[in-house]
Amino acid sequence: ACNSPRCTAARYNATSGFFLFNISSFTTYSSMENSSLNVTIISPANGTITNQSNATFSINASSGAGLANATLNIYNSTGLFNMTTINLGGVVQTTVSIIIWLADGVYNWFWTVVDLANNLVNTGVQEGYNRTITIDTIAPAINFTYPTPSNGSSVGSSVIINVTVVD
């Protein structure tokens, strides 16, 4: 339904028969036309790589109609990993932060926010892509092998070091 004052509605109560309507003009209205629903991602930055398993996902959201809810959607390689919805109770502006424990891996994520006028913002659509975060809590294995001098040994003016790093 259009809530714009430019919209007019006609009601017809009919139980049977054939009805033909001649529509001389038609204008489409976006559900976002009169909306002031805005969502800005605060954190984490897109492409974040971290060694911390607890990730904080934060947004700023506002709507003149009042905010209904915000849902964080996180996917990994097997599908939906976490979906958390926060009821926002009609406030017109808020910051939402959710801390989620993530196992090592790559995650795609986005928010959906709905206001009381039923307008919806999907940050993945808004930005044109879902954001990613990579969790890597395992330190690389570093091996010093021959001819690397042993720890604490005296060396001359040049040193040959053989190092292997596995991550």
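Close-up 1. The model shown here and in the following views is a predicted one. D136 has its place in the loop that runs between β9 (131–135) and β10 (141–145). Leaving aside residues up to four places away in sequence, the contacts of D136 are with T50, N51, D104 and D167. A polar atom of the D136 side chain lies 3.4 Å from the backbone nitrogen of I138. Between D136 and V106 the C-alpha to C-alpha distance is 8.8 Å, with 30 residues separating the two in sequence.

**Close-up 2. Aromatic pair of F57 and W109.** The structure holds 3 aromatic pairs, and one of them is formed by F57 and W109, whose arrangement is edge-to-face, with 5.0 Å from centre to centre and 75° between the planes. Because F57 belongs to strand β3 (residues 54–62) and W109 to strand β7 (residues 105–115), the pair ties together parts of the chain that are 52 residues apart in sequence. Both F57 and W109 are buried.

**Close-up 3. Aromatic pair of F81 and Y107.** The ring centres of F81 and Y107 are 5.2 Å apart and the ring planes stand at 65°, an angle over 60°, so this pair is edge-to-face. F81 lies in strand β5 (residues 79–87) and Y107 in strand β7, so the pair ties together parts that are 26 residues apart in sequence.

**Close-up 4. Salt bridge between R131 and E127.** The count of salt bridges comes to 1. A salt bridge is formed by R131 with E127, and the closest N and O atoms are 2.9 Å apart. Of the two partners, R131 counts as buried because its relative accessibility is 13%, while E127, at 29%, counts as partly exposed.

**Close-up 5. The open sheet of β1, β3 and β6.** Three strands make up this open sheet, which has the order β1-β3-β6 and antiparallel pairing. The edges are taken by β1 (38–43) and β6 (93–101), each of which has a single partner strand, so one side of each is left without a neighbour in the sheet. On average, and with direction ignored, neighbouring strands of this sheet are turned by 20° against each other. The antiparallel pairing of β3 with β6 extends over 9 bridges. In this view A61 can be found opposite T94, a residue of β6.

**Close-up 6. S63 and its contact with D115.** S63 is located in the loop between β3 and β4 (67–76). The relative accessible area of S63 is 2%, which is under 20%, and therefore S63 is buried. The side chains of S63 and D115 are joined by a polar contact of 2.8 Å. When residues up to four places away in sequence are not counted, S63 touches S36, L37, V92 and D115.

Close-up 7. S43 and P44 are joined by a cis peptide bond with an omega of about -5°, and P44 is found in the loop between β1 and β2 (48–50). The peptide bond that leads from Y146 to P147 is also cis, its omega being near 15°, and P147 is found in the loop between β10 and β11 (162–166). As background to this view and the next, most peptide bonds are trans, and most residues other than glycine have a negative phi.

**Close-up 8. Backbone of N118.** N118 is a residue other than glycine with a positive phi, the value being near 70°. The place of N118 is in the loop between β7 and β8 (120–122). Because its relative accessibility is 64%, N118 counts as exposed.

Definitions and conventions: Residues are numbered from 1 along each chain as its sequence is written. This is a predicted model: local features need pLDDT of at least 70, side-chain atom pairs count only at pLDDT 80 or more; totals for chains, interfaces and linings use all residues. Side-chain values use heavy atoms; hydrogens and water are left out. Helices (H or I, at least four residues) and strands (E, at least two) are DSSP runs, numbered from the N terminus. Contact means heavy atoms within 4.5 Å. A polar contact is a pair of N or O atoms within 3.5 Å; within protein, one must be able to donate a hydrogen and the other to accept it, and residues adjacent in sequence count only if both atoms are side-chain atoms. Rings of Phe, Tyr and Trp (its six-membered ring) pair if their centres lie within 6.5 Å; planes under 30 degrees apart count as stacked, over 60 as edge-to-face and the rest as tilted. Buried means under 20% relative accessible area, exposed over 50%, partly exposed in between (1.4 Å probe, protein chains only). A salt bridge is a side-chain nitrogen of Lys or Arg within 4 Å of a carboxyl oxygen of Asp or Glu. Two strands pair if DSSP finds at least two bridges between them. Axes are lines fitted to C-alpha atoms, for helices over the stretch in contact, and angles run from 0 to 180 degrees between N-to-C directions.
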